[in-house]
Amino acid sequence: QGPDITSNAAVIMEDSTNTILYAKNKDAALYPSSITKIMTTLIALENSSLADTVTMTQTGTAASGNGSVSLNAQVGETFTMEQCLYAIMVASANDIALQIAEHVGGSVDNFVQMMNSRAQELGCTNTVFTNPTGLPDDNQHTTAHDMALIMQAAIQSESFRTIAAATSYTIPATNKAADRNLTSKFTMTDTASTGFYEGCIGGKEGYTEASGSTLV
């Protein structure tokens, strides 16, 4: 028995035994929004090096503008994989998420297949990813319980824990642009937010008109 919450679905899972301590519609299929990027980051960490050089192509830059959250990166601009993952988790940059997908998977479609295969390996039962960004797609969905399993796997990585906990990050000047100062909007690690929780070691949240706010 737990408190009444306004979220459509939620789960609290004890990490060492996977015991469910609290659940509300834990298996309901919902749009994942930007928490999709937790899986994007996990796949990247498991299949690349933080020192890798990532070069922007039209695949990534296609997500710039049109209201999409992005770094407005340019074709030919280079970043390290580490910088890219901070851009994904701290700034929720969709252009970088797409470029990471192409860099790691060879193509966005292949990377998405990697995401879905990993979800199945983790025991997810009602998760389908169609893109690495979380941008709206009627066929993309997950559940609170499945996302708990994905987050559980991600936090086994020290690099993920460090990146996910960051409240700000600066990408130094690149070959195409000046310094970029990134600031996280994750309310649970924002001391000025009413949603701040001292025990939170990091995470991701997102929003779509279809799903409302989603937290992990």
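In helix H7 (residues 158–165), Phe160, Ile163 and Ala164 are buried, where buried means under 20% relative accessible area with a 1.4 Å probe and protein chains only. These three residues cover an arc of only 95° around the axis, which puts them on the same side of H7; the arc is taken from the directions that run from the helix axis to the C-beta atoms. Helices here are DSSP runs of H or I with at least four residues, strands are runs of E with at least two, and both are numbered from the N terminus.

This is a predicted model, in which local features need pLDDT of at least 70 and side-chain atom pairs count only at pLDDT 80 or more, while totals for chains, interfaces and linings use all residues. Residues are numbered from 1 along each chain as its sequence is written, and side-chain values use heavy atoms, with hydrogens and water left out.

The buried residues of H7 pack against H1, helix H3 (81–91) and helix H6 (144–154), contact being defined as heavy atoms within 4.5 Å. At the start of H7, a side-chain oxygen of Ser157 comes to within 3.3 Å of the backbone nitrogen of Ser159.

Helix H6 is mostly covered, with 11 of its 11 residues buried, and these pack against strand E1 (10–13), strand E2 (20–24), H1 and H7. Gln152, which is found in H6, counts as buried at 16% relative accessibility. Gln152 touches Met13, Asp15 and Asn18, when residues up to four places away in sequence are not counted, and a polar contact of 2.6 Å joins the side chains of Gln152 and Asn18. A polar contact is a pair of N or O atoms within 3.5 Å, of which, within protein, one must be able to donate a hydrogen and the other to accept it, and residues adjacent in sequence count only if both atoms are side-chain atoms.

Helix H1 (residues 36–47) and helix H5 (residues 108–121) pack at an angle of about 95°, with their axes 10 Å apart; the axes are lines fitted to C-alpha atoms over the stretch in contact, and angles run from 0 to 180 degrees between N-to-C directions. H1 and H5 are therefore roughly perpendicular to each other, a term that covers angles of 65 to 115 degrees. Residues making this contact include Met39 of H1 and Met115, Arg118 and Ala119 of H5. Met39 is buried, with a relative accessible area of 0%, and its contacts beyond four places in sequence include Leu122, Phe129 and Ile150.

Conventions. Angles under 35 degrees count as roughly parallel, over 145 as roughly antiparallel, 65 to 115 as roughly perpendicular and the rest as oblique. Buried means under 20% relative accessible area, exposed over 50%, partly exposed in between (1.4 Å probe, protein chains only).
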